[in-house]
Amino acid sequence: MSSLSKIIRKEVKELLTPATLIPIIVIAVLFGSLGGVFGGIDEAMEEAPRVAIIDQDGGLMSQVAVAVINFSAEIVYDGDDVQEALNALDEQDGVSLFIIPSNFTADIMSDRPGTIEAVWIMKGAGIMDSLPGASVESVLMGVDHAISFALIENNITDNASLILGPTQLTESTVFKGKTMEGISPILISSMMSSQSFVMPLIVMMVIIYAGSIVISSMGTEKENKTLETLLTMPVSRTSIVFGKLVGAAIVGLLMAVIYMLGMSYYMDSLMGTASFDMEQYGLALGITDYALVGISLFAALVFALALCMILGIFTKNYKAAQTMTMPVTFLAMIPMFVTMFTDFDTLPMAAKVMVFAIPFSHPMIAMRALMFDDYVLVLSGIAYSSVAALLVMFAAVTLFKKDILLTGKVSNSDRKSKVPLVALLQTIARKRRK
Amino acid sequence: MYAIEVKDLIKNYGSFQALKGISFNVKEGEVYGLIGPNGAGKTTALRILSTLLEVTSGSIRIQGIDLRERPEEVRRVISYLPEDAGAYKHLKGREYLKFIAQFFADGEGAKVLVDRGLEIANLGERIDDKVETYSKGMARRLLVARALMIRPKLAILDELTSGLDVLNAQEIRKTVKSYAGQGTTVLLSSHNMLEVELLCDRIALVNDGLIVAEGTPSDLKHRYEAQNVEEVFVKVVQR
Ligand SMILES: Nc1ncnc2c1ncn2[C@@H]1O[C@H](COP(=O)(O)OP(=O)(O)O)[C@@H](O)[C@H]1O
Ligand SMILES: [Mg+2]
């Protein structure tokens, strides 16, 4: 057995105890239920939504409908060409196209609800991205009211169910260049909350947790002088560095799997009612896609751990190690919040550059990007994070040969993070060490 | 061949000079002590000899191996015991010895090392308890066992008995002395001037980064007309 594998075994054995696993499982379950809470968030209100209209009917009822829409929304296109309508919406930041088919009035007159076809333009699937359906919901309600009023006022029917629901909506959604028939943005958004919410959270937690494992392992080894002993034994510096990194990475990935199982369980139970076949809309991920997500996570994790190793090199003892996790925590939280609440595609350029530059972003955005076949983003992200990880790893091995490893720099107080989640993770890491 | 040859060793921590050019040689099988007050530079010297710190200038040979050029080879012949060292707390005493032994031998060979370690540590049934439950004396015995069980050519022991009670200290000294007789050269440091008289064949008095006197304890006492090494030190430093 090589000395590398001996060191890895030591690290993993040290980290995998019931005391470390139980909190992870508890958190997985906790956040699983949190995921459900956020899954329900859908809309943000907006004033005077911009819409396009194609009225193929021109009858009495469709005129009522168009009048109401005209009154409560800004119409950016009114004609009969679908493509032109979509282009106009795209240019002017519109939210939806309403098509009123030719038999709209006739249907209503013969006691059947009239159909309105809505084509939603969806920009992003993040929690904070406003959904097009929400802003025009009141517009459509207005249409219904106006038609009901007309039906009653003119004694057209006494069919109560028609009066109460004179129209029906058929929906399709245009999102990232894909047109998905028969599905609303709200459904897409909540279906994708597992990607928009859960992935960033898991990646962030895994990075902070595995990172603090590496830093505290360095701090503890320094404090107990076990590091000095290790360094004077016939074991290469590279084996020690890699052993620690791989050990923490194994535990980190294991943790990610546990979290994902917890999340998917809760997601499944949430989605039981509104089942949605990803495959049907070309959103399902294949084996290659999952492999890419895994590679992306691995590259980000190695980058994080090597960075933590460098921070660990500068600490003097276990206490100091705790404060050293802060920079990594920040680096992990920025892309988490950005990708959780908005879509990478809807970000301004400067923010895109910043998010891309942080390797932790890539596993967070990979899944959603792959659903829409954005391989360029995912592959360039993997390439970038791998290069970054290699550079930081090289720096760590180099620093391992310097005095700084033993003399250290940071030895100040034991500060607890103000961010509750981070404080929680720190406490777990601390408990585990004791 | 000397077990240790140190020539004009200088060590700077940034702008602070902790070792100001020290030279000494240690013969094979000798117990050699660096003696001096806290802050004299003993730990710095031992860490450099253990390949842990970079050399600012000077030359060092361990068992004839140039330390600056071939540190990996030096690591194969030495065993270093840091001052105030601990063991991995989550391990049991026996597991710790096994963990260390596997880096020096495989299978049966490793078992021989562990058995020797168990004998030196002499912790009875407590060897199967977690290290974190050990008293300071027990932990130190385990670490001394770890350092000596591999029968290194050179054992580098920093503050061998500091913080231990008289009985523990005496037991550890005995163990070290007996190993020195079996082919291990010992370089140790201590600020306890009385201890070294009992233990060391030769000593170097270190003060403020310099060796101020060197010789056998009886030599030095004779030379400075002193009752003990402590008096020697006071006389040397006050001159
Ligand atoms: N990492 C360091 N950075 C700066 N100065 C140090 C460092 N380590 C030790 N020193 C200084 O070097 C001197 C010698 O220290 P040390 O070798 O530990 O002495 P001893 O072991 O004899 O008590 C002391 O003045 C100490 O303050
Ligand atoms: Mg010292």
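Predicted model: local features only at pLDDT ≥ 70, side-chain atom pairs only at ≥ 80, totals over all residues.
1. As general background, nonpolar side chains in soluble globular proteins tend to be buried together.

2. When neighbours within four places in sequence are set aside, Ile4(B) is in contact with Phe24(B), Asn25(B), Val26(B), Leu49(B), Arg61(B), Ile62(B), Leu154(B) and Leu187(B).

3. As regards its overall fold, chain B contains nine helices and 10 strands. Its radius of gyration is 18 Å, close to the 18 Å given by the globule rule for 239 residues, so chain B is as compact as a globular protein of that length. The C-alpha trace of chain B spans about 55 × 40 × 35 Å along its principal axes.

4. Burial and contact range in chain B may be read together. Of the 239 residues in chain B, 55% are buried. Among contacts in chain B with a separation of 6 or more, 66% are between residues 24 or more positions apart.

5. Chain B carries 33 positive and 33 negative side chains, with the centres of the two sets 1 Å apart.

6. Helix H1 of chain B covers residues 42-49; eight of its eight residues are buried, so this helix is largely enclosed by the rest of the structure. The buried residues include the charged Lys42(B) and Arg47(B), together with Thr43(B), Thr44(B), Ala45(B), Leu46(B), Ile48(B) and Leu49(B). Of these, Leu49(B) is also one of the contacts of Ile4(B). Just after H1(B), Thr51(B) adopts a positive phi of about 70°.

7. Is Asp78(A) buried or exposed? With a relative accessible area of 55%, Asp78(A) is exposed, because the cut-off for that class is over 50%. Asp78(A) belongs to strand E2 of chain A, residues 74-79. Arg237(A) lies 159 residues away from Asp78(A) along the chain, and the C-alpha atoms of the two are separated by 71 Å.

Notes:
Residues numbered from 1 in each chain as written. Chains lettered and ligands numbered in written order. Heavy atoms only, no water. Helix = DSSP H or I, 4+ residues; strand = E, 2+ residues; numbered from the N terminus. Rg over C-alpha atoms; globule rule 2.2 N^0.38 Å. Buried < 20%, exposed > 50% of the residue type's maximum accessible area, 1.4 Å probe, protein only. Contact = heavy atoms within 4.5 Å. Charge placed at Lys NZ, Arg CZ, Asp CG, Glu CD.
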